[in-house]
Amino acid sequence: SNLLNKTTGDDPPESVVDSDFLSGCVMGGIRLYGELSNRVNNVEHSSVEELLNALRTDVGSDSTTPNNVISSLKLLDSSPRQGILSASPDSPQCIESVLTQCQLDAPDKWSYIACVVTKPPETVLVLLRPPNGNASPSSTSYVLLDSHPRPNCMPHRPNGSYALFHTSLDGLVGSLKKIFPVTNLGSDVPEMMAVMYNSFDVYPFQYQQSPHT
């Protein structure tokens, strides 16, 4: 919510996302987790849908309370968009196609799109440029945000939460593939089993003004 609220054409991601912003997001997530853990069993293993439903049950009036955080987000689909990591680059189920379609289907063509990408046990957030955005070719209009360290995964080997900035969707996808590598189970494994192990979900959001603010 904070990311989409602050990231606009006048304030691109590189001017918003810094170490203080990341720290605030992580602490805010911890605070929300603490509130949820009192009401939802086994919250650390809940799906995105379950967390969204749990957050909506909060009735506080402060703009930072869970229900108002969620009310400022518009989920673009009633169910997650599903893809397959091992799909051909020309397939509508490959990660490039799924993220591109999220951009094309966004109702607000001038606003950034935030996508929660999950493939158990990993979950990350990506920020996609607006379909009609006027960002320059050198603008870092695609961002990967990750709350977990990846000391053996990324070129710069982050030891804590981090943001990776990209000037293209291809660059973003390349970083995602390092976190979500294709699982090769061998030729003797049934195709449906291979698809299951390589499936991922994408939940696209855009910002909408909260009725409580």
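Modeller: A salt bridge here is a side-chain nitrogen of Lys or Arg within 4 Å of a carboxyl oxygen of Asp or Glu. The model is a predicted one, and it holds 5 salt bridges.

Colleague: Why is the contact between Arg81 and Asp77 called a salt bridge?

Modeller: The N to O distance between the side chains of Arg81 and Asp77 is 2.6 Å. The cut-off is 4 Å, so the pair of Arg81 and Asp77 qualifies.

Colleague: What makes Arg81 buried?

Modeller: Arg81 has a relative accessible area of 16%. Buried means under 20%, so Arg81 falls in that class.

Colleague: What makes Glu122 and Arg150 a salt bridge, and where in the chain do the two residues lie?

Modeller: Their side chains meet at 2.9 Å, N to O, and the limit is 4 Å, so the term applies. The pair links distant parts of the chain, 28 residues apart. Glu122 is in strand E4 (residues 122-128), while Arg150 is in the loop between strand E5 (142-146) and strand E6 (162-166).

Colleague: What makes Pro121 exposed, and where is Pro121 placed?

Modeller: The relative accessibility of Pro121 is 76%. Pro121 is in the loop between strand E3 (113-119) and E4. From C-alpha to C-alpha, Pro121 and Phe180 are 10.0 Å apart in space and 59 residues apart in sequence.

Colleague: How do you know that strand E1 and strand E7 pair?

Modeller: Pairing needs at least two bridges. E1 (residues 73-75) and E7 (residues 199-207) have 3 bridges in the antiparallel sense, so the two strands pair. Leu73 stands opposite Tyr207 in E7.

Colleague: Why do E3 and E7 count as paired?

Modeller: E3 and E7 are antiparallel over 5 bridges, and at least two are required, so they pair. The bridge partner of Ala114 in E7 is Phe205.

How values were computed. Residues numbered from 1 in each chain as written. Predicted model: local features only at pLDDT ≥ 70, side-chain atom pairs only at ≥ 80, totals over all residues. Heavy atoms only, no water. Buried < 20%, exposed > 50% of the residue type's maximum accessible area, 1.4 Å probe, protein only. Helix = DSSP H or I, 4+ residues; strand = E, 2+ residues; numbered from the N terminus.
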